[in-house]
Amino acid sequence: MPALTIHPFRDDLAQAFHDINAQWIGAMYTIEQTDRDVLENPRARIIDRGGDILFVEAEGLGIVGACALQKTGEDQFELTKMGVLESARGRKVGEYLLHAVIARAREMGAKRLYLLSNRKSAAAIHLYEKAGFVHDAAIMAEFGARYQRCNVAMLYPTA
């Protein structure tokens, strides 16, 4: 099992953010305009608006995963664009990254942390449930229309 290290966003990692997410979104779904906006402009769409992006590096493999915290309101963040390269799956990279992102959201003062997904992403949903996220109809009603593919909405009990 390679050693894993978390890295904060840097402009030279913007392409990795794009490529990691384009790989899984393109393989499972259709890349929507809202995806393109974020993946092609992570500094403008995430960082400059009060959010953050974390990357995970696996020893010997380089940057293999990324996840964004998109600020969507006062003390509110969407956990979004979480992906791990196919070549690094099965190594607990996603779990490691998810825990780091939840900790970062707490540091940033998140009182509401939610995510949007799709039932087809069963492995990811299982990972979110294991970390404590719960399915939430109110989040679905409020944010679900943002993506055509969204049919799962989850909330992290931050209180």
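The accessible surface of the chain amounts to about 7,700 Å², where areas come from the Shrake-Rupley method with a 1.4 Å probe and, for residues, only the protein chains shown count as cover. Carbon and sulfur atoms contribute 51% of that surface. The model is predicted: local features need pLDDT of at least 70, side-chain atom pairs count only at pLDDT 80 or more, and totals for chains, interfaces and linings use all residues. Residues are numbered from 1 along each chain as its sequence is written, and side-chain values use heavy atoms, with hydrogens and water left out.

Of the 159 residues in the chain, 49% are buried; buried means under 20% relative accessible area, exposed over 50%, and partly exposed in between, with a 1.4 Å probe and protein chains only. Along the principal axes, the C-alpha atoms fill a box of roughly 40 × 30 × 30 Å. Among contacts with a separation of 6 or more, 65% join residues 24 or more positions apart, a contact being heavy atoms within 4.5 Å.

The chain contains 6 helices and 7 strands, which are DSSP runs numbered from the N terminus (helices H or I, at least four residues; strands E, at least two). From the N terminus, their order is β-α-α-α-β-β-β-α-β-α-β-α-β.

Strand S2 (residues 52–58) is largely enclosed by the rest of the structure, because 6 of its 7 residues are buried. S2 pairs in the antiparallel sense with S1 (residues 4–8) over 5 bridges. Here Thr 5 stands opposite Glu 57, and His 7 has Phe 55 as its bridge partner. S2 also pairs in the antiparallel sense with S3 (residues 62–73), over 7 bridges, with Ile 53 opposite Ala 68. The hairpin of S2 and S3 has 3 residues between the strands, and Gly 60 takes a positive phi near 85 degrees there.

How values were computed:
Pairing = 2+ DSSP bridges.
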